[in-house]
Amino acid sequence: MAEVKVFHGRPVIPGNISAPALVTHTGFNTLASFQKALLAKNADAVCSDQNNAELFNKKMAGTALCLPQTIGSTTGGLVIHTACDMGANPACMLFSKQIDSLAAAGVVMADVWSKNRIIAVDGLGDDFLNYVKDGMNITVSDDGTVTVEA
Amino acid sequence: MAMKLTSQEQEILDGKQGKTLQKVMRTLVRYGELFGADRLIDVKGSGHLVTSFGISLMTATFDVMQELIDAGLKTQQPFTVDPRPIDNKNVPSGVIQKIVASIMYGKQKEYESQLKALGLKDDNAFTCACYLPQVGNTPGKGDVLSWAESSAVVYANSVLGARCNRNSAFIDLFGSILGKVPYFGLLTDEGRKATWVIDVRCTEKPEAQILGSAIGLKVVEDVPYIKGLDKYLHSLDDSSRAYLKDMGAAAASNGAVGLYHVENITPEAVDQGESLIAEGYKIYVIDDAELERVKKSYPVMWKDENAKPALAFIGCPHLTLAQLTEWTEKIEESLKISGNKKVVVNTVLCSAPDVIAEFKEKPEYSRLIATGAKLTYICPLMYMNNPKCKTMPVITCSNKLRTYTCAKYGTEDDILNQITKGGE
């Protein structure tokens with residue numbers, strides 16, 4: 001039987017969803033990661049951040065992206081909003097720390113201005129990021145509960 | 001935490017001044033509440049926007065801009081914006097490259113029309129270094145800003161002592177339309193306290209772009225208080241400002257630094273000293289070996305690591321007037337030593353349109369052009385976004401450009417050596 005661990009965070013953009021985990025332990029550089037996919041209209045959103053060995057060349061669309069925070073260019077929010085509009089966004093973004101200002105702008109923009117929102121939970125803690133691995137099944141509930149199935 | 005709004009702000013949030021302005025307010029309020037902002041505060045000064053490029057696929061952006069225009073909204077003061085993406089006259093490009101760029105940035109003209117409709121300052125307002133005196137969007141100490149562009153925000157906060165969060169695209173515009181931003185983070189005294197002390201113990205003045213990179217990679221989004229750099233910078237003169245511009249841009253792009261303090265140099269560090277350091281701070285010692293380790297960690301993304309460079313970009317962020325003069329002199333001197341009359345690698349220096357205009361009035365302009373180097377107003381990052389540039393062996397002394405593209409990083413001396421002597 002699969003091992004199950006439950007974590008609790010703050011529902012930034014509440015919602016219910018299940019998706020496979022995609023994990024980065026270093027800051028997620030939003031522009032560098034999505035740049036190639038958005039320019040090439042790649043719906044899989046294959047990560048183009050050469051500095052992120054954990055994510056480089058991996059498909060991001062439809063995943064439960066587990067990250068500490070985002071970093072890099074202040075176009076970050078626009079990039080998330082554009083990815084949502086193109087349907088190339090991760091299914092959800094799960095932050096171990098408090099959400100940063102760029103990611104917050106992106107998920108709020110998508111929620112207020114776009115038809116396609118992205119579920120986001122923050123403050124899940126270091127234990128969450130230490131435990132979760134690529135491909136684990138993640139279930140997010142609208143109260144901020146995140147269930148990780150190994 | 002719910003924000004306390006004035007009656008006028010609440011009216012806007014309730015939609016009494018139109019649905020679009022309601023969405024603008026809702027975005028800012030929800031954004032601020034995520035960070036515990038208890039109110040909105042007034043912006044002082046002009047805005048600066050990060051989104052300057054009309055990439056055809058950005059339909060969501062164009063739609064939002066048009067909705068704002070259709071609702072009759074405009075920024076309260078004229079704003080500046082990041083650099084334009086294309087300059088076929090001054091930046092070497094093949095025919096196919098030019099065609100691809102014209103398709104990729106096919107909405108540039110329409111997008112610039114949207115920017116103008118929303119309050120763009122003028123046709124020269126395209127630069128990432130809007131705070132340079134020639135451009136004129138230079139905030140004062142304590143001014144609250146609604147800016148984006150990571151390198152501009154970190155400069156305004158750190159070197160000018162203004163107050164601005166690391167806002168994203170759209171938040172910059174919405175704050176400039178409302179003339180208000182949520183009060184949290186780097187706008188507050190508490191948010192400006194340093195949680196890291198950076199102890200610089202190098203044997204010579206560290207390369208700004210590597211020092212900034214090392215700091216950004218280590219502290220990520222935190223505020224560092226940098227000790228040991230004042231013995232190289234001495235005071236906040238033009239040269240130090242240019243150094244801090246480049247260091248900050250590297251820290252902001254390699255991490256997410258929005259503010260740093262440099263002991264005895266930056267305004268708040270001069271005024272408040274070590275009282276800016278928060279309890280429980282962490283320490284990061286940077287010496288020569290650490291800078292070398294960081295530099296060696298940069299991946300080389302060229303197909304052939306030993307390829308001959310085809311192009312060199314200098315000036316990301318845009319160069320100051322003094323930096324343009326310095327580069328002119330350095331290139332001339334190095335060419336003399338090498339015996340070459342012209343640069344041996346296509347070399348492009350980037351600066352703000354208003355700075356270029358002033359530089360063209362100086363004798364150094366014709367001297368720079370005589371070396372074979374070119375001068376442009378574009379953002380090299382946007383040039384490198386062109387898929388046809390991905391295979392080009394481009395070199396740069398910008399850590400920001402290295403981070404976002406396939407360009408290979410070299411120190412300023414490395415780049416000078418490459419462009420004047422072919423690396424010999």
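Figure 1. B:Val220 lies in the loop of chain B that runs between α8 and β6 (224-227), where helices (H or I, at least four residues) and strands (E, at least two) are DSSP runs numbered from the N terminus. This is a predicted model, in which local features need pLDDT of at least 70 and side-chain atom pairs count only at pLDDT 80 or more, whereas totals for chains, interfaces and linings use all residues. Residues are numbered from 1 along each chain as its sequence is written, while chains are lettered from A and ligands numbered from 1 in the order in which they are written. Although B:Val220 is not a glycine, its phi is positive, about 55 degrees. B:Val220 has 20 C-beta neighbours inside 10 Å and therefore counts as buried; a residue is buried if 20 or more other C-beta atoms lie within 10 Å of its own, exposed if 12 or fewer, and partly exposed in between, with C-beta atoms placed from the backbone.

**Figure 2. Packing of helices α8 and α12 in chain B.** Helix α8 (residues 208-219) of chain B packs against helix α12 (residues 288-296) of chain B at an angle of about 80 degrees, and their axes are 10 Å apart. Axes are lines fitted to C-alpha atoms, for helices over the stretch in contact, and angles run from 0 to 180 degrees between N-to-C directions. The two helices, α8(B) and α12(B), are therefore roughly perpendicular to each other (angles under 35 degrees count as roughly parallel, over 145 as roughly antiparallel, 65 to 115 as roughly perpendicular and the rest as oblique). On α8(B) the contact is made by B:Ile210, B:Leu211, B:Ser213, B:Ala214 and B:Leu217, and on α12(B) by B:Glu290, B:Leu291, B:Val294 and B:Lys295; two residues are in contact if their C-beta atoms, placed from the backbone, lie within 7 Å. These contact residues divide into six nonpolar, one polar and two charged, where Ala, Val, Leu, Ile, Met, Phe, Trp, Tyr, Cys and Pro count as nonpolar, Asp, Glu, Lys and Arg as charged, and the others, Gly among them, as polar.

Figure 3. Five strands of chain B form an open sheet in the order β11-β10-β9-β12-β13, with parallel pairing; two strands pair if DSSP finds at least two bridges between them. Strands β11 (374-376) and β13 (408-409) of chain B stand at the edges with a single partner strand each, so one side of each is left without a neighbour in the sheet. Strand β10 (residues 346-351) of chain B runs parallel to β11(B) and is joined to it by three bridges, and B:Cys350 has B:Thr376 as its bridge partner in β11(B). Leaving aside residues up to four places away in sequence, B:Phe313 touches B:Val348, B:Cys350, B:Pro380, B:Val394, B:Thr396, B:Ser398, B:Leu401 and B:Ala407. Within strand β9 of chain B lies B:Pro317, which is joined to B:Cys316 by a cis peptide bond with omega of about 5 degrees.

**Figure 4. Helix α18 of chain B and its cover.** Helix α18 (residues 412-421) of chain B has as its buried residues B:Ile415, B:Leu416, B:Gln418, B:Ile419 and B:Thr420. Their cover includes β9 (311-319), α13 (321-338), β10 and β12 (394-396) of chain B. After α18(B) comes B:Gly422, whose phi is positive, near 70 degrees.

**Figure 5. Strand β8 of chain A and its two partners.** In strand β8 (residues 119-122) of chain A, A:Ile119 and A:Val121 point one way and A:Ala120 and A:Asp122 the other way, all of them buried. Strand β2 (residues 10-13) of chain A runs antiparallel to β8(A) and is joined to it by three bridges, with A:Pro11 partnered by A:Val121. Strand β7 (residues 92-95) of chain A pairs with β8(A) in the parallel sense, also over three bridges, and here A:Leu94 stands opposite A:Val121.

**Figure 6. The side of chain A that touches chain B.** In this view, 34 residues of chain A are in contact with 38 residues of chain B. The helices α1 (30-39), α2 (76-86) and α3 (101-113) of chain A each supply at least two residues of the chain A side, and the largest share, nine residues, comes from α3(A). By class, this side of chain A has 15 nonpolar, 16 polar and three charged residues.
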